[in-house]
Amino acid sequence: MPELLLELFSEEIPARFQRRAAEDLRKAVTNALVDAGLVYEGAKAFVTPRRLALTVTGLPARSPDTREEKKGPKVGAPQPAIDGFLRAAGLASIEDAKVESDPKKGDFYVAHISRPGADAVDLLSAVLPKILTDFSWAKSMRWGSGTFNWVRPLRAITATFGAENEEPVVIPFASNELKSGQTTFGHRFLAPEAIKVRRFDDYAAALERAKVVLDIDRRKDIIRTDAEHLAFAQGLTVIADEGLLEEVAGLVEWPVVMMGSFDPDFLKLPEEVIIATIRANQKCFCLRDAEGKLAPNFIITANTIATDGGAVITAGNERVIRARLSDAAFFYQGDLALPLEHGLPKLEDTVFHAKLGTQFQRVERLVKLASEIAPQVGANPERAKRAAMLAKADLTTGMVGEFPELQGLMGRYYASAQGEPADIATAIEMHYKPLGPTDKVPTEPTSIAVALADKLDLLTGFWAIDEKPTGSRDPFALRRAALGVIRIISENGLKFPLKVEPDLLAFFHDRLKVSLRDAGARHDLLDAVVSADSNDILQITQRAEALSTLLSSEDGKNLLAGYKRAANILAAEEKKDGKSYAGAVDQDTLQLAEETTLAFAVDAVHAAVSAHVAKDDYKGAMAELATLRAPVDAFFTAVLVNDADPAVRANRLNLLARLRDTMHLVADFSKVAG
């Protein structure tokens, strides 16, 4: 069957846009094909710095003929309804429709619409220019005198269609006065000549000969493998950096890896500074030696085959990196010369948020809040206050001004060098964490106090000014802050009730549910243990874990079934009687051994569960509930709840209410599926 080859050849596409653009092109074209009635077998998109390419295989030569029956309004319907039907069906007059009868609904109009198929080339020549015009880039530009927008000037369009053993045809269309053809170009420097292509196989092979690796993932593999081999030969290892690897693969069409070096004297700088400098300025990978220490070497990825073996390229990168590391050393020494706290007055000139004041005012709030939190997490209040006061001071330093991603970390380095206690220095770095689901969590008490203060101040502040996340919009990373609070509390096993307004507490509940679901917890179990006023994150987590353990056992599953039966009977009888049963069981009214056994078992378990819950021992509480499985099963096997004697019936309903209330001490089992 025929295949489509489409290539959009342009000036350099920014690396950060490439992978998304390739996927967007694939979706746009394949969706248009399906809408046009052209069902395909497979599609794959490719991207390099200078081209977006797509191959779609297994396409038919033309779309099939179609016949559709469209039901219209009743005969005699108002004219607007008839006019709408005619427009939708594409009929010139109601006489073109047929009248059909329905025994129940009467006569109504029906349009039988036949649409002949069309050649795939004709369909593609109509849809492809629209796809280019509507294509969405995060940033785009216009050039020349045209009105067409693309990420960078578009230089050539290849669009061919044909079967494997046939000469393909060019799909004729134009975009911004650029006509489609079957000519592309190789590597800008190594093979810039024009290349005539027919279909994907010879296109990919021709590009390979012209020093273009079409597949971005293959370029990544080449860079990774060659870098590892080059490092291994020198007894070094490459510091893994997936983000940088993705970016570098988007900067080159023919990756050539080589190694450079810098003055070992720069290793006196913090290694994070060296890595950030080399990564940001030269897009190079750093290396470690056999002992795990940062090595005075780096990996360069060039986009050409140098005739001198890369000597000039390496020397150029070494020269730039030396200059950048010299700048970093200047910033570092200058920052060290000024005590961190001397930078605090500068925070008064930095606005945190127009409605929440300056960064200095925020620091004042953090100091107060951290001192209040400290006793609850086992931290010294004075140490927590000192750490909170210095937490944002490195924002005024030269190094953080140059590399904002090092905030907190540089504060730790400066605080340590200036004689601050280790826990305070650590808290300065850790108070921003965790920044994501895989980031580490503060574990030292001083760090915990300041980190919680930072996130709770952020959340309560933005809640107070009604700047809450909406849908996918969360410009102040409030979801991340809430998840950070949750992780700090749960992973450190902290008894730390959240004293926040109900609306913000509900937001925490939503984030906690997301967090626990991501960890594999069932959504219904979370609903069962979270109530509107649940403000103890650790307790909710422990209850969910304990409930999951209980319901994974046979006793738990059977007990849940018994609970559901009891709850259903109670709901039905309470509705019929117009009252609720409060669980007051009269021992003298118990008649059968099974109901007596259950009554005594429920009383004993109620007391035991209450004691376990008071100690936050939810596993113990659930274990006690599991013991009710046998008496509950026996009760429903032998006892008729709706006894003819009203007193016996009421007593048995009270017993079921007592069972329900006992189980609700730990979780609302009515919200558990099953």
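Ala45 stands opposite Leu54 of strand E3, in a predicted model that we can walk through together. Strand E2 (residues 42-48) and strand E3 (residues 51-57) run antiparallel and are joined by seven bridges, and a hairpin of two residues links E2 to E3. Strands (E, at least two residues) and helices (H or I, at least four) are DSSP runs numbered from the N terminus, and two strands pair if DSSP finds at least two bridges between them.

Residues are numbered from 1 along each chain as its sequence is written, and side-chain values use heavy atoms, leaving out hydrogens and water. As this is a predicted model, local features need pLDDT of at least 70 and side-chain atom pairs count only at pLDDT 80 or more, while totals for chains, interfaces and linings use all residues.

**The three-stranded sheet**

- Three strands make an open antiparallel sheet in the order E4-E6-E5.
- Strand E4 (66-74) and strand E5 (98-102) are at the edges with a single partner strand each, so one side of each has no neighbour in the sheet.
- Ignoring direction, neighbouring strands here are turned by 35° against each other on average; axes are lines fitted to C-alpha atoms, for helices over the stretch in contact, and angles between N-to-C directions run from 0 to 180 degrees.
- E5 and strand E6 (residues 106-115) run antiparallel, joined by five bridges, and Val99 has Tyr109 in E6 as its bridge partner.
- Helix H2 (residues 79-89) packs on this sheet and touches E4 and E6, its direction making about 175° with that of E4; contact means heavy atoms within 4.5 Å.

**The four-stranded sheet**

- Another open sheet has four strands in the order E13-E15-E16-E14, with antiparallel pairing.
- Its edges are strand E13 (237-238) and strand E14 (256-261), each with a single partner strand, so one side of each is left without a neighbour in the sheet.
- Three bridges pair strand E15 (residues 285-288) with strand E16 (residues 294-302) in the antiparallel sense, and Arg288 stands opposite Leu294 in E16.
- Helix H8 (residues 311-336) packs on the sheet and touches E14 and E16, at about 130° to the direction of E16.

**Helix pairs**

- Helix H9 (residues 359-373) and helix H14 (residues 445-464) pack at about 125° with axes 8 Å apart, and are therefore oblique to each other.
- For orientation, angles under 35 degrees count as roughly parallel, over 145 as roughly antiparallel, 65 to 115 as roughly perpendicular and the rest as oblique.
- The H9 and H14 contact includes Leu366 and Leu369 of H9 and Leu452 and Leu456 of H14; its residues divide into ten nonpolar, no polar and four charged.
- In this scheme Ala, Val, Leu, Ile, Met, Phe, Trp, Tyr, Cys and Pro are nonpolar, Asp, Glu, Lys and Arg charged, and the others, Gly among them, polar.
- The axes of helix H15 (residues 478-491) and helix H18 (residues 537-551) come within 9 Å and cross at roughly 70°, so H15 and H18 are roughly perpendicular to each other.
- Ile486, Ile489 and Ser490 of H15 meet Ile537, Leu538 and Thr541 of H18, giving four nonpolar, two polar and no charged residues.

**Val485**

- Val485 belongs to helix H15 and counts as buried at 0% relative accessibility; buried means under 20% relative accessible area, exposed over 50% and partly exposed in between (1.4 Å probe, protein chains only).
- Beyond its neighbours within four places in sequence, Val485 contacts Leu452, Lys455, Leu456, Leu459, Leu498 and Phe508.
- Val441 is 44 residues from Val485 along the chain, with 9.7 Å between their C-alpha atoms.
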